Structures are given as structure tokens and as C-alpha cells.
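Good morning, colleagues. Please have the sequence and the structure open before you while I speak.

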Amino acid sequence: MKAMVCTRYGPPEVLQLQEVEKPVPKGNEVLVKIHATTVTPSDVLLRSGAFPLLIWLPVRIWLGFRKPRNDILGYELSGEIEAIGQDVTLFKAGDPVFGATMQRMSCSAEYICLPEKAALVIKPDNMTFEEAAAFTDGATTAWHFLHRGNIQRGQKVLINGASGSIGTFAVQIAKHLGAEVTGVCSTTNVELVRSLGADQVIDYRQEDFTQNGQTYDVIFDAVSKSSFARCKDSLTENGRYLLTDAGWRHMLLVPWTTLTGGKRVIYFLSTRKKKALLHLKELIEAGHIKSVIDRTYPLEQLPEAHRYVAQGHKKGNVVITITGEHAG
Ligand SMILES: NC(=O)c1ccc[n+]([C@@H]2O[C@H](COP(=O)([O-])OP(=O)(O)OC[C@H]3O[C@@H](n4cnc5c(N)ncnc54)[C@H](OP(=O)(O)O)[C@@H]3O)[C@@H](O)[C@H]2O)c1
């Protein structure tokens, strides 16, 4: 089968189209013919190998020293079950599915084998394969964070980076949970964020949300471009500051603010995807939440897609199609 292989850590050109062995499902595994995957900031970081200095060595030991041990990147997918192992009960051949493979990655390829208990669920009919591939990581991360933030109906929630993958889902989910939502993005994305349901939109090129005198019950920085120090005065008395990427300062503030009470910093890794996915699937089917797709590239143009995502300004998601057009 065809796959884009990460031949070493480095610039996007290290991703090369190769012929690799098609996997065969074990007893508890399904073989998925992949229709679409995505490129996320995590794929870009992993391909570059440019990990922060303090964790460079342990991460390289963990993930592979000269190249990623799992050298086919991409960890979101949609596709069709082509075959199942003899012990599989949850799926059958022909089922349309979507989900995420997390550390296993391997989605930039024509086929993948996954345990039936992986974060894989049946694709809703009202979603294309491209939309489904773009769903799992952003939506489940937004879902996990907003739940940890303990949002109550009527509370004021600000989402920074509202035009990114996690941000576009966070706006829709926070609205669904009954919050009053303010989205923060740049001028070109104001209409997009409004169309997703935000009650107010702040253009960060025109206004600094930390200086406008407003307070929020939750500030969710989906792109980690702010800091607790700057946002503290914009939080209500027991307000929560959530961020998706934390340096050592914010890491230390997580236990410290939990111990001291009052305004809290919340950071964690969103990992348990299947349960969230099953719940979110119902919201897709009810029409409450959808994926935003910025650009779509064929598998062969994966390096181009990496170059675009690395700029840090994608709107929603960047999708890679593997077997041509698959509408519906
Ligand atoms: N903790 C976890 O479990 C977890 C899970 C998944 C991902 N993550 C992390 O979450 C982060 C976000 O991922 P993502 O896929 O949502 O990112 P993304 O889609 O690549 O974010 C791009 C968006 O960020 C916006 N942006 C850039 N600079 C900004 C600024 N100064 N202020 C406000 N918005 C700004 C851009 O809007 P403009 O073009 O308008 O600037 C663009 O729409 C990544 O760092 C990823 O590693 C964490």
C-alpha cells in the first residue's frame, strides 16, 4: 500500500511517498481503508523533532532518536472497515468509521489495523468522510477541557484561538452547554467565529481582551498564546484558566492554584477519546456541532499541508484525502 513515511526528523520534505506492507488484522483488530486524515500542530512538531530543550532527550528516547519510531504520521482518520479479525464484535466489513489513533499514529496511509476498542466509532450519515476525519482530536479536546472547566449554563466563557481546530469546536460546544461565549480571533476570522454561534467576537488585532474590563467564569486559551498572569484580572472570583499547551510555569501553577483555591489554572492531556466521541457523535447527528475545513490536500501533497499548518493560522482543520472523493 501507499504511505507517506517520515524518513527522519526535519523539514516537510522528509515526508516521502513509499510502498509499504499492507497490515493484516489480528483477532481483535479491524482493517480500515482510510479515506481521509488530517495534519495537526502535533504532527508538525513530531515531524520537525524540534522538541523543547528541557524535554528534548526524554522525548527522543520515547518517540525515536533519529526519526519517529512510528514513522507514518497522522492520528485522525475516517474510512471504511475492509476486514475484521475473528474476535471482533463491534464492527463489520463495510462500516463507515472515524476516530483517532493517538500515539500509534499511522493514518497517512491507505490502510491501518486498529483494535476494535480503539477510539473508533461509526460515522454519522450527516457528515462527509473529510468532516469526520477532522473531528476527533479538536472536538474531544475541546469537550474534555470545557468539562474540566465545569461550565454552568449562563456562565461567561472566553475562547482564545476560536478559529483553530480546538477553538471552532469549543465555541460550538460551549454554546451547546448554555454558556455566553466570546471568541477571540483575528480580523479575517471574525465572521467564521460568529457563524459558529459566538455571542461576541473580539478581534485580537484591534483589542486586547485582558485590558477591556470584562470578566469571565472561564478563559479557555485553545492556542496557548496568553498567560495566567495576564488573564488573572479578567477572571471572576473562582474563575478557571484553561490552556492546551503548558510550559513549566503553568505546569507548576496547576497544583499551586488547586491548593490555594480561588482562580485556577487547568492543563492536562486529553487522552480518553472514545467515550467523548460517542457522546459528541449524538451532537453531530442532532446538528449541534460540525467540523470546519480550511484546506484539503491529496496524500502526495502532505509536505505542502505541513508547511501550511506550521504557519499557525489554519481555520479549523486541514484534511488529507487518501482515496479520492468520498462524499456523504
Ligand atoms: N492538551 C491536549 O490534550 C491537546 C490536545 C490537542 C492539541 N493540543 C494543542 O492545542 C494547540 C491548538 O491546536 P489547534 O489544532 O486548535 O491549533 P490550530 O488550529 O493550528 O490553531 C490555529 C489558529 O490559531 C489562531 N491564532 C494564532 N495566533 C493567535 C493569537 N495570538 N491569538 C488568538 N488566536 C491565534 C489562528 O487564528 P488567526 O489566523 O486569526 O491568527 C488560527 O486560526 C496546539 O498547540 C496543540 O499542540 C493540546
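Predicted model: local features only at pLDDT ≥ 70, side-chain atom pairs only at ≥ 80, totals over all residues.

Residues are numbered from 1 along each chain as its sequence is written, and side-chain values use heavy atoms, with hydrogens and water left out.

Let me begin with the cores. A nonpolar core here is a set of buried Ala, Val, Leu, Ile, Met, Phe, Trp, Tyr and Cys residues joined through side-chain atoms within 4.5 Å. Buried means under 20% relative accessible area, exposed over 50%, and partly exposed in between, with a 1.4 Å probe and protein chains only. The largest nonpolar core has 41 residues, and F135, I159, V171, I173, F220, L280 and I289 have the most contacts inside it. Among the elements that give two or more residues to this core are helix 4 (136-148), helix 5 (165-176) and helix 9 (273-285), together with strand 8 (156-160). Helices (H or I, at least four residues) and strands (E, at least two) are DSSP runs, numbered from the N terminus. Helix 5 gives the most to this core, with six residues. A second, separate core of 36 residues includes F51, F91, V309 and I322.

Which residues does F135 touch, not counting residues up to four places away in sequence? They include E76, F98, M127, F169, L280 and I289, where contact means heavy atoms within 4.5 Å.

I turn to the helix pair. Helix 4 and helix 5 pack at an angle of about 55°, with their axes 8 Å apart. The contact is made by G138, A139, T141, A142, W143 and L146 of helix 4, and by S165, I166, F169, A170, I173 and A174 of helix 5.

Finally, the two loop residues. T101 lies in the loop between strand 5 (96-100) and strand 6 (111-115). Is T101 buried or exposed? T101 is buried, with a relative accessible area of 7%. Its contacts, not counting residues up to four places away in sequence, are G74, Y75, L77, C107, I112 and L114.

G85 sits in the loop between strand 4 (76-84) and strand 5, and G85 is buried too, at a relative accessible area of 6%. Although 58 residues separate G85 from G27 in sequence, the two are 4.1 Å apart in space, C-alpha to C-alpha.

Key
Axes fitted to C-alpha atoms, helices over the stretch in contact; angles between N-to-C directions.
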